Amino acid sequence: MELFFNKYLNAVKRTDTIHYTGSVSAVKGLMIESRGPRSMIGEICNIRIGKNKTVMAEVIGLEGHIVKLMAYDSTEGIEVGCEVVATGHVLQVPVGRKLIGRVIDATGRPYDGKGNLNTSEYYPALASPPNPMTRLPVDRRIVTGVRCIDSLLSCGKGQRLGIFAGSGVGKSTLLSMIARNTNADINVIGLIGERGREVMDFINRDLGEEGMKRSVVVVATSDTTSINRLRAAYTTTAIAEYFRDQGMDVMLMMDNMTRFAHAQREIGLSTGEAPAQRGYPPSVFDMIPKLLERTGTNDKGSITAFYNVLVDGDDLDEPITDKVRGTLDGHIMLSRALAQAKHYPAVDVLKSISRLARRVSGKMTLKAATKVARLVSIYEENREMIMAGVYQSGSSPDVDEAIAKHNAIEEFLMQEEYEHCPIEDTFRKLGALAEIEIPEEEFDESPQSIRKSVAEQVRNRKKAEVAESNSQAALTDLASISKSLS
């Protein structure tokens, strides 16, 4: 009986009996100005249009008695004098297991026409990252089901990586492959600024019925307001945080960070912020690490995160790409040249890196991955000579091996979109390519357990040195005693 009344009790607790109100004084493009109400940055306000319509808006700026708001819905119908009512809280996101299999918008409202969510618990969309001193270490491998990533770019549970590429190179397809094949407990997917057609394509074709059974999808299409596209990223992260707090290993996927930055650029410029790098105001570069640092591990569970980044003009040094790449724990670079050659997924393994691969891989797995990557590198360094027929067989054993295994390595790195690749199969093929046997105990998600950490190695070495020193001292004393007795 108590559980039955919980949702009503929570609704009463969230109800503010004192309302601060104001009135709209101006509408300037994307921004709405009002005199009052008393409010804080990030607070949700309701703008009443006539008797029956209410538009939700968020406070994005304060200037004297003027409150600057950005509406989550269309500003159509808003006029000077419309009442603005402060809610007293920031955006709250409904959370719970009932979200699994559902599609919602940036404010947590159902987007799939399947009825109300009927959840009684809420998380704030705006939150601080976990305390770095309480984060659990990233020491367990996560399976993505993508052969080139699981073998040469191993990722840990709680690691954050970016997938970088220009348009049409296969970022969304790669995300869908991970969503279907990962061994994470649940997927939380944010589609930020996507075309309306792409949303249903991703849900029905890429994710599929099986993928949706363990996924939550947050959608803010390109035609929605800037604040919608911005907050959709925060809503996605908040939902992932809830499941992490339940002790789960969560896979968060966001497509994409560039449109998140574009949304904040629009908001920042409309509030009068001065543009800085390539038209982006400083607030964009302040928001990116604050959002990305919320994922990873805490003291209960983990959020492994993959963020798609649309690289403007294929310029890998443009500001957003550079900022995201410098914040994350690794980057996966997709190559347009590989995509044009029909090499899918178009992952450039030489330009990609997983900074935590050594922590979550066994000794022989690392050795095999290093050898295969080295063969790829040798072939690329000598590609022009090989293709031109200049290289003479026998000139270099390393180049000869790279040529002999090139086709096999290419076949290994390529994978059909719906091809399922178990980690055991991936490691056996990797070992065969490198001619290195990978023991079965390294197939486990915590293969580092069979290896000692650097700290343990140093500690053991010091113990060995002390033991050897004591042994030498004992032998010296024994020799001295023997000499004196003789």
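Helix α3 (residues 171-181) packs against helix α4 (residues 196-212) at an angle of about 55 degrees, and their axes lie 9 Å apart. Helices here are DSSP runs of H or I with at least four residues, numbered from the N terminus. Axes are lines fitted to C-alpha atoms over the stretch in contact, and angles run from 0 to 180 degrees between N-to-C directions. The two helices α3 and α4 are therefore oblique to each other, a class left over once angles under 35 degrees (roughly parallel), over 145 (roughly antiparallel) and 65 to 115 (roughly perpendicular) are set aside.

In this packing, Ser172, Ser176, Ala179 and Arg180 of α3 meet Phe202, Asp206 and Leu207 of α4, where contact means heavy atoms within 4.5 Å.

The model is predicted: local features need pLDDT of at least 70 and side-chain atom pairs count only at pLDDT 80 or more, whereas totals for chains, interfaces and linings use all residues. Residues are numbered from 1 along each chain as its sequence is written, and side-chain values use heavy atoms, with hydrogens and water left out.

Across their interface, 24 residues of domain 2 are in contact with 25 residues of domain 3. Two salt bridges are counted between domain 2 and domain 3, each a side-chain nitrogen of Lys or Arg within 4 Å of a carboxyl oxygen of Asp or Glu. Arg205 forms a salt bridge with Glu417, with 3.6 Å between the closest N and O atoms.
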